[in-house]
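Please read these points with the model open beside you.

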Amino acid sequence: MTAMELSIGLPDGLLMSAGDGTALTLYEADHTTVRRRIDCAVLEGARMADIVWSHKLSAVIAAVPERNRLFRWDAYTDSLQEWAGTGEAGRRDGKVAQAKFAATVSITEAGDGTLWLVDRDSSSLRRLEINTDRPDGDPRVTTVVGRHGAGYLDGPAADARLAHPEDLQILYDGSVVVADTGNHALRHVDLTDLEVTTVYGGPEREADELAGEDVVLDTPVRVTVADSQLWVEDRNGRHLVEPRYV
């Protein structure tokens with residue numbers, strides 16, 4: 001993902017900002033008064049690629065690709081702490097302490113509290129489910145797309161392939177779109193039937209098929225939903241995707 005300032009809203013109107021990606025600052029509701037600076041020494045200078053507030057955990061989760069881990073901060077601590085992953089690059093599902101990640105670069109929360117993430121180096125879309133009936137949430141990681149390595153293949157999620165994705169977004173219907181950077185494509189994952197389709201672009205497409213525009217996606221790095229519209233950003237700029245996908 002291209003460099004950007006990361007910030008998220010927290011309960012009670014507070015704002016958490018990651019600044020340059022190496023430090024976390026908690027601001028008051030006016031978004032200017034500093035309430036707390038978070039100790040991020042555990043990162044040892046590594047940069048956060050994304051941060052998200054988990055409502056089920058009541059905590060901020062930070063994706064740090066260089067460390068192949070997810071880190072956690074909550075209101076009871078003054079420091080960012082290791083939370084998920086062994087630190088060894090790989091793709092292993094299961095409980096977060098034993099799970100392996102490979103450069104997680106984007107993470108977001110779905111309406112049901114599930115955390116969705118993309119691992120760039122394992123070319124996978126994964127989800128992290130939290131059980132609120134358990135004291136610790138018993139968080140577990142599952143790979144949804146990308147179980148067979150990098151590539152380009154639509155169809156059932158168990159068989160579909162991505163290539164070094166950089167971003168994801170949850171749509172209003174709960175489905176997922178992925179900026180499939182290595183395939184120069186925007187991919188859609190329907191969670192009802194677990195089917196993966198290409199929305200926009202693709203490694204062998206010469207032009208996109210949206211609204212008559214003559215655009216070829218070139219390494220898309222970000223997808224966003226704003227005002228009920230889906231946008232994708234790549235080296236050629238920012239492109240509006242057909243409303244039917246939102």
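1. Rings of Phe, Tyr and Trp (its six-membered ring) pair if their centres lie within 6.5 Å; planes under 30 degrees apart count as stacked, over 60 as edge-to-face and the rest as tilted. By this rule, zero aromatic pairs are counted.

2. This is a predicted model: local features need pLDDT of at least 70, side-chain atom pairs count only at pLDDT 80 or more, and totals for chains, interfaces and linings use all residues. Residues are numbered from 1 along each chain as its sequence is written, and side-chain values use heavy atoms, without hydrogens and water.

3. Arg238 sits over the face of Trp231, 4.2 Å from the ring centre. The rule asks for NZ of Lys or CZ of Arg within 6 Å of the ring centre and within 35 degrees of the ring normal.

4. The largest nonpolar core has 21 residues; Leu10, Met16, Leu24, Met48 and Ile51 touch the most other members. Such a core is a set of buried Ala, Val, Leu, Ile, Met, Phe, Trp, Tyr and Cys residues joined through side-chain atoms within 4.5 Å. Buried means under 20% relative accessible area (1.4 Å probe, protein chains only).

5. Beyond four places in sequence, Met16 touches residues including Leu10, Leu24, Ile51 and Trp73. Contact means heavy atoms within 4.5 Å.

6. Arg69 is in strand E7 (residues 69-74); strands are DSSP runs of at least two residues, numbered from the N terminus. Arg69 is buried, at 16% relative accessible area. A polar atom of the Arg69 side chain lies 2.9 Å from the backbone oxygen of Thr86.

Methods: Helix = DSSP H or I, 4+ residues; strand = E, 2+ residues; numbered from the N terminus. Buried < 20%, exposed > 50% of the residue type's maximum accessible area, 1.4 Å probe, protein only. Polar contact = N/O pair within 3.5 Å; in protein donor to acceptor, adjacent residues only side chain to side chain.
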